[in-house]
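Me: I would like to go through a protein model with you. Could you keep the terms simple as we go?

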Protein chains: 2
Amino acid sequence: MNKVFFTPGPTELYPEVRSYIVKALDENICSINHRSSEFMEIYRSVSLNLRQLMNIPGNFHIFFLSSATECMDRIIQNCVEKRSYHFVNGAFSERFYKTAVELNKDAEKKMVEYGSGFDFSEIKITNDPELICFTQNETSTGVAIDPLEIYKIRDLYPDSLIAVDIVTSSPFINLDYNRIDCAFFSVQKGFGLPAGLGVLIVNDKCLNKAEFLKSKNVPIGSYHNFISLLENEVKFQTTETPNVLGIYLLGKVSESLNKYGVEKMRRETIIKSDILYDFFDSHSFLKPLVQNTPDRSKTIIEIDTGDKQKEIKKKLADFGIIVGSGYGKLKDTHIRIANFPMHKISDVNKIINILSLD
Amino acid sequence: MNKVFFTPGPTELYPEVRSYIVKALDENICSINHRSSEFMEIYRSVSLNLRQLMNIPGNFHIFFLSSATECMDRIIQNCVEKRSYHFVNGAFSERFYKTAVELNKDAEKKMVEYGSGFDFSEIKITNDPELICFTQNETSTGVAIDPLEIYKIRDLYPDSLIAVDIVTSSPFINLDYNRIDCAFFSVQKGFGLPAGLGVLIVNDKCLNKAEFLKSKNVPIGSYHNFISLLENEVKFQTTETPNVLGIYLLGKVSESLNKYGVEKMRRETIIKSDILYDFFDSHSFLKPLVQNTPDRSKTIIEIDTGDKQKEIKKKLADFGIIVGSGYGKLKDTHIRIANFPMHKISDVNKIINILSLD
């Protein structure tokens with residue numbers, strides 16, 4: 001039986017990935033030199049396609065790292081001398097905070113319970129942070145932050161840089177890049193690609209901060225500091241030999257999504273998430289973790305299954321549908337259903353039909 | 001026409017890579033969770049196969065990073081508080097040195113000219129380094145260091161940790177791991193795999209050093225510090241979502257090489273390099289860069305082509321053979337021919353036949 005992965009990521013591959021890989025092998029993409037014109041053309045092309053797909057302006061640079069976790073590390077190193085501030089409501093926002101602590105920064109956090117959003121109107125940031133970090137879509141709980149709230153915080157604290165984790169909301173999320181300073185994602189989520197590539201999108205303010213820190217002899221890292229990344233990016237190259245196949249595939253999937261239509265993909269994502277939330281809201285015992293509707297992620301739907309988690313997962317798996325478990329302390333009592341561009345409405349309906357069976 | 005890449009890396013793929021990738025896609029390897037038992041089994045298996053292939057003892061840990069460049073960065077961060085020492089005779093040993101400088105360490109180096117080896121009997125290391133760094137096979141010039149010289153230095157400086165870059169000599173090189181402390185390579189060279197994976201092999205002395213530095217509040221990095229890497233490695237997991245496909249493929253290629261026979265592969269590597277050096281030594285104008293025979297790498301053969309580089313590369317390319325250019329300042333006047341396990345003797349002979357044509 002064919003499996004369909006509705007896991008938060010790694011997840012179902014984008015449908016054309018197999019044919020893109022075969023094409024890459026036929027064209028010797030895995031053997032070309034990463035300083036060659038062929039590679040530079042791949043970088044240029046993925047960059048153009050991503051800019052179109054995600055509406056990334058020209059004053060932002062696109063760097064290729066190896067994971068979203070690495071993106072957090074490099075952002076903290078290059079944008080923070082002393083103080084960062086973190087909105088924490090799950091494992092990945094906690095990871096961003098912990099990264100700052102591990103890098104010896106004075107990191108402060110606003111914590112709310114797993115499954116809850118933030119009441120931004122109540123929040124006072126008092127540590128004068130150089131960087132404010134948002135996990136716009138908290139993969140561990142399925143709580144999303146409305147970008148408008150991020151922009152408001154930016155207006156209130158105009159001297160702080162704004163970093164936004166869009167790991168599991170990209171490419172669905174429509175960010176106004178003019179109102180943030182950096183964002184990042186990894187490709188094994190909404191882009192449906194093999195894991196091993198992180199994408200970091202940064203503006204000149206972040207680069208200037210890295211330059212400033214370097215001038216003060218604050219360590220900003222070695223080969224992947226922003227200055228070295230920029231020196232190479234302007235040539236459509238990377239500091240080290242990168243995951244060339246991953247970059248190639250990201251270009252192909254972005255191009256395909258652009259052809260399909262970004263707005264169409266976004267509308268379909270909303271329709272699929274509405275179908276799922278409507279079903280679970282009226283279910284007798286399977287309930288969405290996130291109670292407050294505006295806090296609900298469209299792309300990660302977390303359901304409290306109580307003591308029936310194993311049973312529910314098996315029921316779906318018997319029909320080839322693989323969903324994720326909850327994360328951390330919710331591991332054995334919750335499931336997570338991803339809703340990415342490659343997930344078909346017909347398979348979403350299949351989930352509902354299976355769970356409606358006696 | 002089918003191309004054969006004799007480039008130093010990215011290079012020709014190991015012949016079975018295409019079928020391994022198809023198998024990985026059929027088995028949903030790119031969709032599985034990296035905390036799942038399936039992934040842990042992949043990690044366990046590649047670890048076992050690498051230990052057999054490279055004779056890595058049980059007191060060494062195998063970590064998966066994203067590139068050899070990252071390995072240099074993590075080694076310096078986790079093994080050096082203040083002082084490192086570097087043997088520099090090319091671009092990659094210089095990169096190791098520069099990494100230490102960028103991380104604000106007091107790095108000293110012994111430099112010799114590109115194409116030369118070191119006269120180890122003459123060398124006095126006077127900066128009391130915590131780490132001594134060797135680039136056992138300098139990819140930019142084709143100079144190799146006899147491991148016996150590395151062991152002698154270790155005996156002379158028993159308080160220093162010893163790091164060995166085996167990026168383009170692995171898996172050919174037969175290191176005695178009991179006489180070094182860490183080694184690293186990337187997979188797009190001798191393993192003939194797509195780029196995007198670095199492998200770091202470290203012993204407990206390195207881990208203890210990382211613990212010691214952490215206890216002194218010396219920054220050792222965040223998610224990829226040795227302590228975090230170890231915590232995950234003992235569970236056959238990684239800190240972040242890694243390049244799962246790359247790890248899977250490395251296991252398959254290592255298993256295949258083990259079945260083929262390590263010693264047979266090593267003998268063939270020597271035979272192929274002898275064929276190439278013999279030919280160029282007696283050629284009228286194409287001459288090996290490395291004059292001193294014991295300094296010659298078996299896996300990277302660098303040839304001075306003078307002003308005929310473009311012509312030579314084209315002559316070979318007309319028959320489907322792609323060789324590398326020189327590196328850095330030797331870019332336009334040299335070629336580099338890789339000699340890895342996937343390179344067939346018949347194709348090595350083809351190179352010679354083509355270059356023997358009028």
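Me: Which residues are linked with A:Glu70 in a network of salt bridges?
Reply: A:Glu70, A:Asp73 and A:Arg74 are linked in such a network. A salt bridge is a side-chain nitrogen of Lys or Arg within 4 Å of a carboxyl oxygen of Asp or Glu. Please note that this is a predicted model, in which local features need pLDDT of at least 70 and side-chain atom pairs count only at pLDDT 80 or more, while totals for chains, interfaces and linings use all residues. Residues are numbered from 1 along each chain as its sequence is written, chains are lettered from A and ligands numbered from 1 in the order in which they are written, and side-chain values use heavy atoms, with hydrogens and water left out.

Me: Is B:Asp307 buried or exposed?
Reply: B:Asp307 is exposed, with a relative accessible area of 73%. Buried means under 20% relative accessible area, exposed over 50%, and partly exposed in between (1.4 Å probe, protein chains only). B:Lys308, its salt-bridge partner at 3.9 Å between the closest N and O atoms, is partly exposed at 29%.

Me: Let us change topic. Which residues have the most contacts inside the largest nonpolar core?
Reply: They are A:Phe226 and B:Phe226, in a core of 186 residues. A nonpolar core is a set of buried Ala, Val, Leu, Ile, Met, Phe, Trp, Tyr and Cys residues joined through side-chain atoms within 4.5 Å. Leaving aside neighbours within four places in sequence, A:Phe226 is in contact (heavy atoms within 4.5 Å) with residues including A:Phe63, A:Arg74 and A:Leu200.

Me: How many aromatic pairs are there over all chains?
Reply: The count comes to 30. Rings of Phe, Tyr and Trp (its six-membered ring) pair if their centres lie within 6.5 Å; planes under 30 degrees apart count as stacked, over 60 as edge-to-face and the rest as tilted. A:Tyr43 and A:Phe64 form an edge-to-face pair, with 4.8 Å centre to centre and 65° between the planes. A:Tyr43 is in helix α2 (residues 37-54) of chain A and A:Phe64 in strand β2 (residues 60-65) of chain A, 21 residues apart. Both A:Tyr43 and A:Phe64 are buried.

Me: How do chains A and B compare when one is laid on the other?
Reply: Chain B can be laid on chain A with an RMSD of 0.0 Å, by a turn of 180° and a shift of 0.0 Å along the axis. The two copies are thus related as by a two-fold rotation axis. Copies are superposed by least squares on the C-alpha atoms of residues with pLDDT of at least 70 in both.

Me: Which residue of chain B comes closest to the rotation axis?
Reply: B:Ser66 does, with its C-alpha at 3.1 Å.

Definitions and conventions
Helices (H or I, at least four residues) and strands (E, at least two) are DSSP runs, numbered from the N terminus.
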